[in-house]
Amino acid sequence: MRTSLILACSAVTAHAANIVMSNDDGWAEINIRTFYQAIIAAGNSAFISAPAENKSGSGSLDATPEKLDEPCEFNSCPTGSPATGNNASMPQFNYVNSYPVTSIKYGIQTLASTLLPGPIDIAVTGPNVGSNLGLTTQLSGTVGAATEAAKEGIPAIAFSGSSGDATAWNVPAPSYALVYADLATNVTDTLLASGSPYLPKNVWLNVNFPDSDASTCSSASDFKFVLSRINTAVPIISGDDVSTCGNNKRLPTESDVVGTARCYASISVGHADTKLTASASEQSVVLQKLSSILSCLPS
Ligand SMILES: *[C@@H]1O[C@H](CO)[C@@H](O)[C@H](O)[C@H]1NC(C)=O
Ligand SMILES: *[C@@H]1O[C@H](CO)[C@@H](O)[C@H](O)[C@H]1NC(C)=O
Ligand SMILES: *[C@@H]1O[C@H](CO)[C@@H](O)[C@H](O)[C@H]1NC(C)=O
């Protein structure tokens with residue numbers, strides 16, 4: 001008993017990693033703050049570098065940060081604050097008054113060397129307030145930030161959850177935020193435990209969680225992860241997907257997965273340049289790395 005408990009714990013903490021975190025809903029939204037707490041509790045080092053305001057839907061826009069001409073979202077910084085800044089008592093929490101891509105770039109290129117004990121291992125974004133499924137990935141700033149990190153050579157995962165509304169950081173975390181933070185930490189730590197290189201070059205993961213509330217999918221242990229594709233395959237034109245779950249070389253779309261009753265979360269393998277589904281060989285790498293947490297949809 002005792003041995004297996006120790007082994008189970010070390011599987012989570014053995015790969016203490018250096019992590020940059022961002023989103024598009026803003027640095028003061030409760031989802032990213034709750035995820036930060038879970039990532040730290042799992043033994044990692046991390047910091048947040050995210051937009052000062054809600055920059056939902058800004059894709060891969062990038063612009064020089066500017067002095068605040070209004071308060072940060074939820075009054076989390078005053079009007080007139082500098083273009084970039086942090087929480088004076090929590091220097092790991094940083095805002096950038098610009099887009100998600102600009103924010104994560106600033107984190108990677110400027111903040112990481114002082115806020116982390118070593119080079120960045122992985123970038124994680126979100127959990128986004130609301131799903132980012134299929135072609136929505138083209139518009140999402142949460143996806144934009146993850147693909148920017150991937151283009152800079154850092155393995156990246158974008159997380160999104162369908163439950164909840166924009167919520168300030170300074171209230172008790174809603175239960176969905178806690179569940180999504182647990183699930184996202186599980187995927188992150190499982191990928192890290194699979195060893196470096198964590199993902200193929202220029203590849204990122206798009207992870208979507210279905211609703212979580214008091215009566216449905218109320219705890220992380222209710223969820224199953226299923227490998228999926230981002231965009232719907234076009235007959236003849238789209239290449240094969242990886243073989244798994246007896247699928248005849250075609251993965252379910254991520255919308256199919258989160259649309260299946262009873263707590264199925266989707267994990268898609270994407271290309272940073274197109275933000276669309278990666279090749280079967282890249283999917284195959286991820287299938288092996290995450291095999292310990294992947295399931296099949298009910299047939
Ligand atoms: C800054 O950090 C302090 C201490 O953890 C906390 O009480 C406060 O709410 C934080 N404010 C923001 C905007 O993060
Ligand atoms: C950001 O704006 C989008 C729509 O523009 C909205 O759906 C979302 O809830 C907002 N998020 C925050 C944190 O205000
Ligand atoms: C991660 O999720 C899997 C499958 O859902 C579960 O079996 C496992 O216990 C979880 N691990 C952690 C560390 O939460």
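These legends walk you through close-up views of a predicted model. Local features need pLDDT of at least 70 and side-chain atom pairs count only at pLDDT 80 or more, while totals for chains, interfaces and linings use all residues. Residues are numbered from 1 along each chain as its sequence is written, chains are lettered from A and ligands numbered from 1 in the order in which they are written, and side-chain values use heavy atoms, without hydrogens and water.

**View 1. The surroundings of ligand 1.** Around ligand 1 you will find W27, R33, S76, N87, S89, M90 and W169, where "around" means having a heavy atom within 4 Å. Look for the polar contacts (pairs of N or O atoms within 3.5 Å): oxygen atoms of ligand 1 lie 2.3 Å from a polar side-chain atom of N87, 2.8 Å from one of R33 and 2.8 Å from one of W169.

**View 2. The surroundings of ligand 2.** The side chain of N54 places an N or O atom 2.3 Å from an oxygen atom of ligand 2, and a polar side-chain atom of D25 is 3.4 Å from a nitrogen atom of ligand 2.

**View 3. M21 and its contacts.** Contact here means heavy atoms within 4.5 Å. Setting aside neighbours within four places in sequence, M21 touches I32, F35, Y36, I39, A46, F47, I48, S49 and V124.

Methods. Polar contact = N/O pair within 3.5 Å; in protein donor to acceptor, adjacent residues only side chain to side chain.
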